[in-house]
Amino acid sequence: MEIRKAIPTEAEAIKEIYENAKLFMRQNGNMHQWTGDYPTLELIRTDIANGNLFVCEEENKILGVFCLFKGPDETYKKIYDGAWTSDGDYYVIHRIAVAVHGKGVAKKCFDYGLAQNNHLRIDTHRDNYPMQRALLKNGFTQCGIIYLLSGDERIAFCKTV
């Protein structure tokens with residue numbers, strides 16, 4: 001598996017991966033995360049244009065996608081019911097989705113983020129149990145609660161190496 005930046009011609013395929021991820025969420029009891037058209041095709045194209053959207057691929061097939069941003073992230077400035085394990089520089093993963101489960105795709109994405117900086121932060125919805133399990137399995141620490149700019153609550157995780 002290889003990680004590389006997404007290219008504009010992949011926007012539609014990435015949107016389909018996100019739509020399938022939303023279906024997976026609903027099948028696993030997560031009814032409230034990524035509702036409606038989110039993430040939109042326009043957001044995907046913006047993430048690609050800004051160089052923040054990455055794909056994990058194998059044999060020319062996209063197995064997963066994620067956005068990687070250099071912190072600080074506005075929504076991570078305040079954390080409730082806990083604390084970050086480090087106040088140092090960090091990167092953030094947003095909008096991670098895997099197309100193929102059970103192949104270590106999420107781990108590959110996390111490892112890529114940690115290779116950019118030894119401190120990685122991520123958040124997920126309270127009902128997203130598969131993502132919470134993946135984060136804990138991959139050595140992330142549950143740090144507390146953050147609130148998105150919309151006011152929606154998320155469980156915050158981080159990992160330092």
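User: Where is Gln33 found?

Analyst: Gln33 sits in the loop between α1 and α2; helices here are DSSP runs of H or I with at least four residues, strands are runs of E with at least two, and both are numbered from the N terminus. A word on the background: this is a predicted model, in which local features need pLDDT of at least 70 and side-chain atom pairs count only at pLDDT 80 or more, while totals for chains, interfaces and linings use all residues. Residues are numbered from 1 along each chain as its sequence is written, and side-chain values use heavy atoms, with hydrogens and water left out.

User: Why is Gln33 called buried?

Analyst: Its relative accessible area is 6%, and buried means under 20%, exposed means over 50%, and partly exposed is in between, using a 1.4 Å probe and protein chains only. Since 6% falls under the 20% limit, Gln33 is buried.

User: Which residues does Gln33 touch?

Analyst: Leaving aside residues up to four places away in sequence, Gln33 touches Met25, Arg26, Thr124, His125, Asn128 and Arg154, where contact means heavy atoms within 4.5 Å.

User: What makes Trp34 buried or exposed, and what is its phi?

Analyst: Trp34, also in the loop between α1 and α2, has 9% relative accessibility, so Trp34 counts as buried. Its phi is near 55 degrees, a positive value in a residue other than glycine. Most residues other than glycine have a negative phi.

User: And Glu59: buried or exposed?

Analyst: Glu59 is exposed, because its relative accessibility is 77%. Glu59 lies in the loop between β2 (53-58) and β3, and its phi, near 50 degrees, is positive too.

User: Why is Leu136 called partly exposed?

Analyst: Its relative accessible area is 49%, so Leu136 is partly exposed. Leu136 belongs to helix α4 (residues 129-137).

User: How do you know which word describes the packing of α1 and α2?

Analyst: Helix α1 (residues 11-27) and helix α2 (residues 41-49) pack at about 120 degrees, with axes 10 Å apart. Axes are lines fitted to C-alpha atoms, for helices over the stretch in contact, and angles run from 0 to 180 degrees between N-to-C directions. Under 35 degrees counts as roughly parallel, over 145 as roughly antiparallel, 65 to 115 as roughly perpendicular and the rest as oblique. The angle therefore makes α1 oblique to α2.

User: Which residues make that contact?

Analyst: Ala11, Glu12, Ile14, Lys15 and Tyr18 of α1 meet Leu41, Ile44, Arg45 and Ile48 of α2. By class there are 6 nonpolar, no polar and 3 charged residues; Ala, Val, Leu, Ile, Met, Phe, Trp, Tyr, Cys and Pro count as nonpolar, Asp, Glu, Lys and Arg as charged, and the others, Gly among them, as polar.

User: What is the span of α3, and what is expected?

Analyst: Helix α3 (residues 105-116) has 12 residues and reaches 17 Å from first C-alpha to last, close to the expected 16 Å. The expected span is 1.5 Å times one less than the number of residues.
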